[in-house]
Amino acid sequence: MRSLRIYLISGGLLLILYIIAQANRPKTIDWSESLIDKEKAPYGTYILFDRLKDIFPGSAVTAYRQPVYNVIAEDSVANASYLIIAQNINEFSKPDYEQLVKYVEAGNNVFIASEYFGKTFEKYLDIETKEYLELIGNNNPVHFVNPALSPQNHYNIGKGAGSIYFSRFDTLKAVVLGENAHHQANFIKFSF
Amino acid sequence: MEQGCLAVLKILEKALMTTQHCRWRNIEYMHRLFKFLFVVVLTLFMAGGGFAANKKHLPAKVVTDTSKLQLKKFNEQAIEKFRTNKDFNYHGPGASYGMSLWERFWAWIWNTITSTLAHIPNGGSFLLYFFLTVAVGFLVYFILKSAGIDPIGIWQGNAKKIDLPYTESLENIHEINFDAEVEKAISQHNYRLAVRLLYLKCLKQLSDSNLIHWQIDKTNSAYLFELTEPTQKQTFGLLTTQFEYIWYGNFSIDQQAFGTIYSLFQDFKTKLP
């Protein structure tokens, strides 16, 4: 029991030291992928959300925190563009997908930004994403392919974000809009 | 280097322009609606896939976008204002643009985990509950252990502990007067000890008749292995099991049970040459 107490006390002390050290660390940039519209860190979407009306002049912007099905089926959003920005879309179900397709077929647009699209999209759109990790250098700038969007301009978004690409997609249905330095498509378009 | 947000923004900006103005190829039928599902990949690690060498070649005929666009722009002044705002100044500690080896290591770890899990149905929740169970189990074990309770012993249901005025550390079977010791144990109703003595006596008999080669550190199964005659082997095996249950298994036995075992030992003795 005596030795156990020594371990507990020294373990506790180390933990306290660690907490103090963490609390006193100089404030670093938060690279966590919050993607929250109030977050001003690099992976927040504050500016985008704030300036959405620049690219959608005269439109109303509504933020939703519900599953896609609820947004479309229950709120009957029409004549709109739907932006989904998420780290992954794992929780995307078949009803969500069906609603989304119906919504697109009714003339609306959907834009999704994610790293991992989850089972549903992988199944119905036949897509798959992977990360191309390099041991040395991790500079993987991205660029558009449309000649009108100056493909020679490469955008470095840092933290290996450009390294995530579509390792599989239906080349008959999808049109590539952008790719990374290794010519791996990371921005594709489906029309319904 | 405030590009972090701004670059993401630029891409989104252009993406949205495209959304608005690309046209569906077979435009001759259907309404003038063009509808797309747009997909971009923005952010950090965790996606599935391996380290470095995992390059998949896409099929040759990839259709790239050549549609006519009408550019839409974010308000330059507003963006400029953000640029001077210190909230969007991503200089300073941690501003590193690339990924450190450490970050890449973790990215690789998570890649491996997620891509493995992707092949198991409900893999995520299974793993979650598995680790939760392990963690809770460990916690309970630790608490019991520190409270001085033997956590494993609880489940075994101990037999009544019997004091044994006896030490088994060094028993040279050639130096024990078995008959006297067995008598003594029986008279003290210490049947477990009696069984042990009987077993040791049995070993001595086997050793005397050169059926086994006795050594203090040999196991019972080693002796069993040395026996060659099938009936001997079988009977000795039975005796060994009885002895081990009673002695090591902490079984308390009564006079009646002891009687049965005693006759078994006697029986065995008569079968020896």
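Predicted model: local features only at pLDDT ≥ 70, side-chain atom pairs only at ≥ 80, totals over all residues.
Q: What makes up the secondary structure of chain B, and in which order do the elements run?
A: Chain B has 10 helices and one strand. From the N terminus on, the order is α-β-α-α-α-α-α-α-α-α-α. Of the 273 residues in chain B, 34% are buried. Among contacts in chain B with a separation of 6 or more, 67% join residues 24 or more positions apart.

Q: Why are helix 9 and helix 10 of chain B called roughly antiparallel?
A: Helix 9 covers residues 230–247 of chain B, and helix 10 covers residues 255–271. Their axes cross at roughly 150 degrees. Angles over 145 degrees count as roughly antiparallel. Helix 9 of chain B is therefore roughly antiparallel to helix 10 of chain B. The axes come within 11 Å, and the crossing is left-handed.

Q: Which residues of helix 9 of chain B meet helix 10 of chain B, and what classes do the residues of this contact divide into?
A: From helix 9 of chain B come Q232(B), T235(B), F236(B), L238(B), L239(B), Q242(B) and I246(B). They meet I261(B), L264(B), F265(B), F268(B) and K271(B) in helix 10 of chain B. The residues of this contact divide into eight nonpolar, three polar and one charged.

Q: How do you know how helix 7 and helix 9 of chain B are packed?
A: Two packed helices are described by the angle between their axes and the distance between the axes. For helix 7 and helix 9 of chain B, the axes come within 9 Å and cross at roughly 150 degrees. Helix 7 of chain B passes helix 9 of chain B in a left-handed crossing. Residues of helix 7 of chain B in this contact include R192(B), V195(B), Y199(B) and L206(B). On the side of helix 9 of chain B, F236(B), F243(B) and W247(B) are among them. By class, the contact has 11 nonpolar, one polar and two charged residues.

Q: How do you know that the buried residues of helix 2 of chain B are on the same side?
A: Helix 2 of chain B covers residues 76–84, and its buried residues are A78(B), I79(B) and F82(B). They cover an arc of only 100 degrees around the axis, so they lie on the same side of helix 2 of chain B. An α-helix has 3.6 residues a turn, so residues three or four places apart point the same way. The face turned away from the buried side of helix 2 of chain B carries the exposed residues E76(B), Q77(B), K81(B) and T84(B).

Q: Why is V182(B) called buried?
A: V182(B) has 4% relative accessibility and therefore counts as buried, as the cut-off is under 20%. V182(B) lies in helix 6 (residues 178–187) of chain B. Not counting residues up to four places away in sequence, V182(B) touches A194(B), L197(B), L198(B) and Y262(B).

Q: Why does S207(B) count as buried?
A: The relative accessible area of S207(B) is 12%, so S207(B) is buried. S207(B) sits in helix 7 of chain B. Leaving aside neighbours within four places in sequence, S207(B) is in contact with H174(B), I212(B) and W214(B).

Q: Is L35(A) buried or exposed, and what is its phi?
A: L35(A) has a relative accessible area of 13% and is therefore buried. Phi of L35(A) is near 55 degrees, a positive value in a residue other than glycine. L35(A) is in the loop between helix 1 (2–23) and helix 2 (46–55) of chain A.

Q: Why does N210(B) count as exposed?
A: Exposed means over 50%. N210(B) has 67% relative accessibility, so N210(B) counts as exposed. Phi of N210(B) is near 60 degrees, a positive value in a residue other than glycine. N210(B) is in the loop between helix 7 (191–208) and helix 8 (220–226) of chain B.

Methods: Residues numbered from 1 in each chain as written. Chains lettered and ligands numbered in written order. Heavy atoms only, no water. Axes fitted to C-alpha atoms, helices over the stretch in contact; angles between N-to-C directions. Helix = DSSP H or I, 4+ residues; strand = E, 2+ residues; numbered from the N terminus. Parallel < 35°, antiparallel > 145°, perpendicular 65-115°, else oblique. Left-handed = near helix turned anticlockwise from the far one by under 90°. Contact = heavy atoms within 4.5 Å. Nonpolar A, V, L, I, M, F, W, Y, C, P; charged D, E, K, R; others polar. Buried < 20%, exposed > 50% of the residue type's maximum accessible area, 1.4 Å probe, protein only. Arc of directions from axis to C-beta.
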